[in-house]
Structure formats: C-alpha cells, structure tokens
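Visitor: I'm new to this one, and I'd like a close look at a single part of it. Could you take me to the core and then show me what surrounds it?

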Amino acid sequence: MRKFFQFVFCVVLFSACDKVDELTKFDMDYNTSVVIESAANINLPFNVFTPEVETNSESEFEVNDTRKDLIEEIKLKSMRLNVTGPEGEDFSFLESVEIFISAEGLEEVQIAAAVEIPEETGASLDLDISDIDIQEYIKKDTFNLRLNTVTDEVLTEDHTIDVQTVFFVDAKIFGI
C-alpha cells in the first residue's frame, strides 16, 4: 500500500511540475513590412531589408514573469507574409523567398523559407520554419530581417509586404 501512495505522490508531483513549466512558455509577436520595388530583376536573387525591429524583450519577459537570464530557448514558431499593396495583388510574382535574421555582434542565420511558390498562391504566404534557437537575436534591443527573393514576373508597381512573426519562448522554472 505504501508503494501505491508513493507512486500516486510522484504522479501528482510530476503533473504539477508540467503545469508550472507551461507557465514559463509564451509567444512574442513582431510585425514589420518591406517593399519589393518594381525595378526588381526577374529570376535573379535580390535582397530586401526590413527596418530594424525593436524587440522590447526586457518588458516582454517582465510581463511574462521572467528575465533574460532565465530564457532557455527562443524559436520561430510561425512566419507569414501578406501582400498589402497594391490592392488586389498576390504572391504569383514570387518564385522563392528566404528569410535571414541578424543582430549586432551576431552572424546572420536563415530562419524561414518558401521555395517553388505556386502561381495560385494568394495574398498570404506561410513560410517553412528553421528549427534553431535564436534567443541571442531576440534578447538584443533590435534585430533585422533580410528577405532574399526571386521573382518570376516583371513588377510594374512596388509591392508592400507585411512580415508577421511569432516567436516561442521557453524560460526556466523559478530560475532553476
């Protein structure tokens, strides 16, 4: 009987730890935009840069009851591109796109991509995500995104693209 109670105690203890661990996991959203200019070359890769994205990570961590030094991992959870201009346009002009993140003092790394984008792609495009820990980039005050794109159509107008990112943050429980 004693072993049964020990077993039940262990199950309850581990269950409680899992629930507490879930409290130290949260998402951080960042949005920015880029313009693909009408003079872009066809079938040749070219780069488009976002403005610096302010992370406000210290306040985001504080709101979620954690600190920078308690972060175990930050990974890109999702990235979506949306054509916002010109009105009625879609991603049929885009052949491929690779997204890179950089920050002061850190090497640039690829975090997302879409290769062989179908012609019938609409005005939103969800990218394939790289499974890498990018916490050092998000802990900085700012980061930059670079889009390496290839178009398969001549663009007669500038295209504005909104870049929506969601980062998954996992922090240590009680600082242990």
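Guide: Let's start with Met79, which touches Ile99, Ile111, Ala112, Leu125, Asp126, Leu127, Ile129, Leu145, Val163, Gln164 and Thr165. That list leaves out residues up to four places away in sequence, and a contact here means heavy atoms within 4.5 Å. Before going on, a word on what you're looking at: this is a predicted model, where local features need pLDDT of at least 70, side-chain atom pairs count only at pLDDT 80 or more, and totals for chains, interfaces and linings use all residues. Residues are numbered from 1 along each chain as its sequence is written, and side-chain values use heavy atoms, with hydrogens and water left out.

Now for the core itself. The largest nonpolar core has 40 residues, and Met79 is among those with the most contacts inside it, along with Val97, Ile99, Leu125, Leu127 and Phe143. A nonpolar core is a set of buried Ala, Val, Leu, Ile, Met, Phe, Trp, Tyr and Cys residues joined through side-chain atoms within 4.5 Å. Buried means under 20% relative accessible area, exposed means over 50%, and partly exposed is in between (1.4 Å probe, protein chains only). Among the elements that give two or more residues to this core are strand S1 (25-36), strand S5, strand S6 (106-114), helix H3 (135-138) and strand S9 (142-151). Strand S4 gives the most, with 6 residues. Helices (H or I, at least four residues) and strands (E, at least two) are DSSP runs, numbered from the N terminus.

Phe143 also turns up elsewhere: ring pairs link Tyr30, Phe143 and Phe167 into a cluster. The whole structure has 5 aromatic pairs. For a pair, the ring centres of Phe, Tyr or Trp (its six-membered ring) lie within 6.5 Å; planes under 30 degrees apart count as stacked, over 60 as edge-to-face and the rest as tilted.

Phe143 is in contact with Ser102 too, as are Glu108, Tyr137 and Asn144, leaving aside the neighbours of Ser102 within four places in sequence. Ser102 lies in strand S5 (residues 94-103), and it counts as buried because its relative accessibility is 19%.

A salt bridge is a side-chain nitrogen of Lys or Arg within 4 Å of a carboxyl oxygen of Asp or Glu. Arg146 is buried at 13% relative accessibility, while Glu108 is partly exposed at 37%. Arg146 also lies over the face of Phe100, at 4.2 Å from the ring centre; for that, NZ of Lys or CZ of Arg must be within 6 Å of the ring centre and within 35 degrees of the ring normal.

There are 8 salt bridges in the structure. Another joins Lys75 and Asp131, at 2.6 Å between the closest N and O atoms. Lys75 is in strand S4 and Asp131 in the loop between S8 and H3, so this pair ties together parts 56 residues apart in sequence.

Last, how confident is the model? The mean pLDDT (the predictor's confidence in each residue, from 0 to 100) is 84 for the chain. Confidence is lowest in helix H1 (residues 2-23), at a mean of 52.
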